[in-house]
Amino acid sequence: MSQPVIAYYRVSREKQGRSGLGLDGQRRLISAFATNEAMEIAGEFTEVETGKGADALERRPQLAAALRNAKKLKCPIVVAKLDRLSRDVAFIAGLMAKRVPFIVTELGRDIDAFMLHVYAAVAEKERRNIAERTRLALAEAKHRGKKLGNPQQAEANKLAAAVRDARLRPILEELEGLPLREICAELTDRRIPAPRGGESWNPMSVLRSLRRLGMRTG
């Protein structure tokens, strides 16, 4: 007879979770684990990460519901990775005090509460080390005068500009050679959206588009 278990998933509101393991990935891991270990998923609870303060049970209504359900069925709660519960030792300790067994698929079903505390402590220390290394690296980069920014956002901006330029090319070819202000006026009159959603074009925006397209200016 299969042992019942409660599956608990946790994902980020803005991303797929800090671990990079999204909801579908967590489901696949827990489903495969349950099959291999002769377990039956008796309930599923999905938490949408709330950000700051998430390591508090009152900020995790789905986890609280999973605990109540697991107590009622007298069965464990299964998570795909330890950080889907938390990387905070105190929070993990509080969960262990609820007297509900937790199983982490990446650690196996035989890991006891003490070892979960150990793994949580290691994860917490690593999180602090990463934060400290990041802080020091940013401070050093700033000291060297390196311009800091978001490379992913920069790439997205570059792609958006390329798409916009491609749409503008036929019109700019038609207006090529005119003074920048006349091109601005024409684009505005034609109700062509300016960069960043504006209605009116300015000479600098036109000049940048012309240069990116390799076209001459008036």
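Visitor: Where is K81 found?
Guide: K81 sits in the loop between β3 and α3. Bear in mind that this is a predicted model.

Visitor: Why is K81 called partly exposed?
Guide: Its relative accessibility is 24%. Buried means under 20% and exposed means over 50%. K81 falls in between, so K81 counts as partly exposed.

Visitor: How far apart are K81 and V104, in sequence and in space?
Guide: They are 23 residues apart in sequence. Their C-alpha atoms are 5.7 Å apart.

Visitor: What pattern does the protein chain follow along the sequence?
Guide: The pattern is β-α-β-α-β-α-β-α-α-α-α. That comes from seven helices and four strands. Of the 218 residues, 34% are buried. Take the contacts between residues at least 6 apart in sequence: 64% of them join residues at least 24 apart.

Visitor: What makes α6 roughly perpendicular to α7?
Guide: The axes of α6 (residues 180-189) and α7 (residues 203-212) cross at roughly 100 degrees. The range for roughly perpendicular is 65 to 115 degrees, so the label applies to α6 and α7. The two axes come within 9 Å.

Visitor: Which residues of α6 and α7 meet?
Guide: From α6 come L180, R181, I183, C184 and L187. From α7 come P203, V206, L207 and L210. By class, this contact has eight nonpolar residues, no polar ones and one charged residue.

Visitor: Why does C184 count as buried?
Guide: C184 has a relative accessibility of 5%. The cut-off for buried is under 20%, so C184 qualifies. C75 is also buried, because its relative accessible area is 3%.

Visitor: How many disulfides are there?
Guide: The count is zero. A disulfide needs two cysteine sulfur atoms within 2.5 Å.

Visitor: How do you know that the span of α2 agrees with what it should be?
Guide: Helix α2 (residues 61-73) has 13 residues. At 1.5 Å a residue, they should span 18 Å. The end C-alpha atoms are 18 Å apart, so the two values agree.

Visitor: Which residues of α2 are buried, and what covers them?
Guide: L63, A64, A65, A66, L67 and A70 are buried. The cover includes strands β1 (3-12), β2 (39-49), β3 (77-79) and β4 (102-104), along with helix α3 (89-96).

Visitor: What follows α2?
Guide: K74 does, in the loop between α2 and β3. Its phi is positive, about 55 degrees, although K74 is not a glycine. Most residues other than glycine have a negative phi.

Visitor: Why is K74 called exposed?
Guide: Its relative accessibility is 78%. Exposed means over 50%, so K74 passes.

Visitor: What is phi of A38?
Guide: It is near 55 degrees, a positive value in a residue other than glycine. A38 lies in the loop between α1 (23-36) and β2.

Visitor: What makes T46 partly exposed?
Guide: T46, in strand β2, has a relative accessible area of 27%.

Visitor: Which residues is T46 in contact with, leaving aside neighbours within four places in sequence?
Guide: T46 contacts Y9, L23, R27 and Q62. The C-alpha atoms of T46 and R10 are separated by 5.7 Å. Along the chain, T46 and R10 are 36 residues apart.

Technical notes:
Residues are numbered from 1 along each chain as its sequence is written. This is a predicted model: local features need pLDDT of at least 70, side-chain atom pairs count only at pLDDT 80 or more; totals for chains, interfaces and linings use all residues. Side-chain values use heavy atoms; hydrogens and water are left out. Axes are lines fitted to C-alpha atoms, for helices over the stretch in contact, and angles run from 0 to 180 degrees between N-to-C directions. Helices (H or I, at least four residues) and strands (E, at least two) are DSSP runs, numbered from the N terminus. Angles under 35 degrees count as roughly parallel, over 145 as roughly antiparallel, 65 to 115 as roughly perpendicular and the rest as oblique. Contact means heavy atoms within 4.5 Å. Ala, Val, Leu, Ile, Met, Phe, Trp, Tyr, Cys and Pro count as nonpolar, Asp, Glu, Lys and Arg as charged, and the others, Gly among them, as polar. The expected span of a helix is 1.5 Å times one less than its number of residues. Buried means under 20% relative accessible area, exposed over 50%, partly exposed in between (1.4 Å probe, protein chains only).
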